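Hi everyone, thanks for coming. Let me put the structure up on the screen, and then we can walk through it together.

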Amino acid sequence: AAIAHGRRLADEGAAIIDVGGEAPGPRSTPVDEAEELRRVLPVVEALAAAGLRVSIDTTKAAVAEAALARGATIVNDVSGGLFDPRMREVLAAAPGATYICGHVRGYSIAEVFAREATEPVTFDDVVLELQARLELLAPAVAARTWVDPGIGFGKPWWVSLELAVGAGRIGFALDRPVVIGPSRKR
C-alpha cells in the first residue's frame, strides 16, 4: 500500500517521496530499529527502483544508512542529529545525499515535548541552534544540508507561525535552503 501510495503521489506531481516508519509525535509509540527497517526498506527500494527521488524520514543512523544503500538520496532527520550522533558519520560516508537537519530541543521525542512548557523557544533560538547543528557537520555535509525549523515540535503555535512566515529569514541567516513541514500539526 505504501509503495502504491508513493507512486500515486509522484503521478500527482510530488518531486520527493518522504518515507518514514516511525511517527515522531508526542502520542506516538516509539519503534525500535529492527521494526523501522522492516517497515521502510521495501518501500524505499521499490520507489527508488521506479526512478523516484526518495527521502528517508528517520532519526536513526542505521536506518538512514540502510535506506541510502537501497536508493534513498535524502535523509530527513527531525532531530538534527541529536537523537543519534552517528548520523553525522553516515552522512559523511554518503557524498551524494542531501541532509534535512530538523530542529527540536531534546534527545528523544518524549524529552522534546516535556521541555515545551519549561523551556520556551524563540525564533532567534531556533536559528542559533540550527546554526550550531550545521557547525557540527563536516563542511561537505553542511554544504548539502537543508534546514527545517521544526514547526510544532515542542514549540508554541505562535513561534511555529513565526518560523513558517519567516522561513526566508531563516534561509538567509543560515545560507541554506529551508524546508517547512506543516502537515498534521495542531
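Let's begin with Ser 55, which lies in strand 2; helices (H or I, at least four residues) and strands (E, at least two) are DSSP runs, numbered from the N terminus. Before going on, please keep in mind that this is a predicted model, where local features need pLDDT of at least 70 and side-chain atom pairs count only at pLDDT 80 or more, while totals for chains, interfaces and linings use all residues. Residues are numbered from 1 along each chain as its sequence is written, and side-chain values use heavy atoms, with hydrogens and water left out.

So, is Ser 55 buried or exposed? Ser 55 is buried, because its relative accessible area is 2%; buried means under 20% relative accessible area, exposed over 50%, and partly exposed in between, with a 1.4 Å probe and protein chains only. Leaving aside residues up to four places away in sequence, Ser 55 touches Ile 16, Ile 17, Asp 18, Val 19, Ile 74 and Asn 76, where contact means heavy atoms within 4.5 Å.

Now please look at helix 2. At 1.5 Å a residue, the 17 residues of helix 2 (residues 33-49) should span 24 Å, and the 23 Å between its end C-alpha atoms agrees with that. The expected span here is 1.5 Å times one less than the number of residues. Where is the kink in helix 2? A kink of about 30° lies at Val 40, shortly before the proline Pro 42; the bend at a residue is the angle between axes fitted to the seven residues ending there and the seven starting there.

Val 40 is also one of the buried residues of helix 2, together with others including Glu 36, Leu 41 and Leu 47. What do these buried residues pack against? Their partners are helix 1 (2-11), strand 1 (17-20), strand 2 (54-57) and helix 3 (61-69). Just after helix 2, Gly 51 takes a positive phi of about 90°.

Helix 3 is where we find Val 63. With a relative accessible area of 0%, Val 63 is buried. Not counting residues up to four places away in sequence, Val 63 touches Glu 33, Glu 36, Leu 37, Val 40, Ile 56 and Thr 58. Val 63 and Arg 38 are 25 residues apart along the chain, and their C-alpha atoms are separated by 9.8 Å.

For a contrast, here is Pro 26, in the loop between strand 1 and helix 2. Pro 26 counts as partly exposed because its relative accessibility is 46%. Beyond residues up to four places away in sequence, Pro 26 touches Ile 109 and Phe 113. From Pro 26 to Val 40 is 14 residues in sequence and 21 Å in space, C-alpha to C-alpha.

Over in helix 8 (residues 157-165) sits Ser 160. Ser 160 is buried, with a relative accessible area of 8%. Its contacts, again not counting residues up to four places away in sequence, are Ile 151, Gly 152 and Lys 155.
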